[in-house]
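Subject: Structure handover

Hi,

Here is the structure I promised to pass on. Please load it before reading my notes.

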Amino acid sequence: MTAPSVTMKRASEDTARAKNMQEALAGYGFISPALAVIVVFIFVPMIFAFIISFTDWTGLKPVNEAQWNNFDNYRKLLFEDHPNRDDFSRALKNTAYYALGVVPTQTALSLLLAVIVNQKFLRFRGFFRTAFYFPSITSAVVIGTIFLWLFNRDGIINRLLIGISGGSYRPVTWLNDLNGVIHNVFKVFGLTLQTAPPWMRQTEIFGQSIWQWLSGPSVSMLAIMILAIWTTSGTLMLIFLAALQDIPTQLYEAASVDGANRWQQFRRVTLPLLRPTTFFVVTIGLIGTFQVFDQIYVISSGAPAGTTVTIAYLVYTTSRGAASQSAATAFMLFVIIMFFTLIQRRLMGSRSW
Amino acid sequence: MTATTAAGSANTTTNLRTSSEVFKKVRIALTYGFLLLFGLAMVMPFIYSVANSFKTLPDINANPSLLYPTQGVSVEGYRKVFTQDFPRWLLNSIGMSVTLTITHLVFDSLAGYALARIKFPGRGIAFTALIGTMMVPGIVLLVPRFLVLKQLGLIGTYWGLILPAMTGAFGVFLMKQFFESIPPDIEEAASIDGCGRFRMFFVVILPLAIPALTALAIFSFQGSWNDLTGPLITVVNNRDLWTLQLGLALVRGETGSALPWDILLSGAVITTLPMAVIFFVFQRFFMESATYTAVKG
């Protein structure tokens, strides 16, 4: 009675084990091609970069001749009055102004477009969606080239502005204007570097004077910001549009029965329900803007006077001749991006993983 | 504005109705006006570029804002582009993007399926590792990836363009999400019929995944076609292996101060054309896959 059942149990255990084994083998078989690529071309490089960021390796001589220099690269980048820190703080300032200008504008604009396109009476909705989305499928190089041409000194943008202003507008050389936008506003009120109070000019925080920190993005950077807003708004609009269409119409009906006008419906129904989407759009906006590289590479290469050098572009330029400094800068950028990503994960909850 | 104040002062229902109708008409007009303005702002740069690419260089410089040529239609820009290295770069771009689209379809769906449905020790770690790479900004990898490619002797080769980009966390994740949405009963039935994992995947699961695979193919093709940094790291020193993006970005620097807008604009048009065709053919998929990104958060 007992003997056969034991053998049967063992047999079924064996088949179960064999089956699990087979499953596991299949699993490894399925995942290993992708995992191999990711390990070799992402993990290994990351570890390698992390290691060289603690050395004095320039990238020119063989790696095995590099010497450890502990935290020197990071110290020069963050804590010492050093040219590396000046470069880094300027790149940080440029990137921060870029993000500060682009993210709120593209978020608000794409939300506005989505709300408008979502209206019931609207016809040709497909046409407008297509038109707004089209820039998103083109490359940074193509858009950069086209903008370079449009924002040319004798280009279409300047001609348009001259036409609109009736000739009172003096053409700006958009892509070669290093003046800060906020400095330009100051100038209107008579505040220039010469008239600025000494505390503004002489107090230095993290490698730059308060006056320098307050420059705003340069006019050239502003042109690149316009390009970024123009490119991304279409995609973000589609994201908002999908979220808007998920809002049950009964909510609006109930609100209108309660006497809420359109604006109140937007404020009290639409905006609160869109909060997760808005949050998502803002964080992917921040993550994207802090990495901006292609547009800079194509349009300005950091000119004029370094006012369009972003952190990512600084990583690129220092990679030749100062590889360990470049790696350390890249890790600072990594930390910034990680910070935004973690905030996003934390606040959005782990809905899908 | 006047309509609403009129409605406020006169309390008769007829007045109210007409005023709200006027208000509605104003709203409709404003909506269309606004959308048209933005639609034009989005589309005009492309229309201007295409129009000017058919002009002579002096004509482009003199009258960029005219949509028609004043000195006759000229294909000079395209002719110059085609006598340059552009045809070669076009082939490189096509070869690279098609190859990478195929590798993404295979690798991403295999890995996505394993993560979604197959139980194996280490699955959690593999998944975390994959997702972790989504947080790594591409630019951070610029230098280290160059070093690894150099160690492997892949700098300046086709393999250097292909190997690092064959798969990506985003595609794997997309496919995983999709496979999780397939009811498990289908697999159970197949498994009772004695169907192994590999056959089940190729015969039962993949045909169900065609919509997701289409989205993945579009994403992958667009990503590889538009990529600048990959080719910039790998083949910048080998002009024969440049892609259209790299070529368009770098020919400008070769020409000195007066920019040859005829070449650059026709180059831009040619670089965009394949993507634009795909976009208009698969429009619905583009719109749907753009919203996938929202779902993925």
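Predicted model: local features only at pLDDT ≥ 70, side-chain atom pairs only at ≥ 80, totals over all residues.

Residues are numbered from 1 along each chain as its sequence is written, with chains lettered from A and ligands numbered from 1 in the order in which they are written.

**Fold and shape**

Chain A has 15 helices and 2 strands (DSSP runs, numbered from the N terminus: H or I of at least four residues for helices, E of at least two for strands). Its radius of gyration is 27 Å, well over the 20 Å from the globule rule for 353 residues, so chain A is more spread out than a compact globule. That radius is taken over C-alpha atoms, and the rule is 2.2 Å times the number of residues to the power 0.38. Along the principal axes, the C-alpha atoms of chain A fill a box of roughly 105 × 75 × 40 Å.

**Domains**

Chain A is assigned domain 1 (2–52) and domain 2 (80–180 + 216–348). The bounds come from an automatic or database domain assignment. The two centres, over C-alpha atoms, are 43 Å apart.

**Contact with chain B**

The contact takes 75 residues from chain A and 74 residues from chain B (contact: C-beta atoms, placed from the backbone, within 7 Å). On the chain A side, helix α1 (residues 2–52) gives the largest share, 19 residues.

Best wishes

How values were computed. Contact = placed C-beta atoms within 7 Å.
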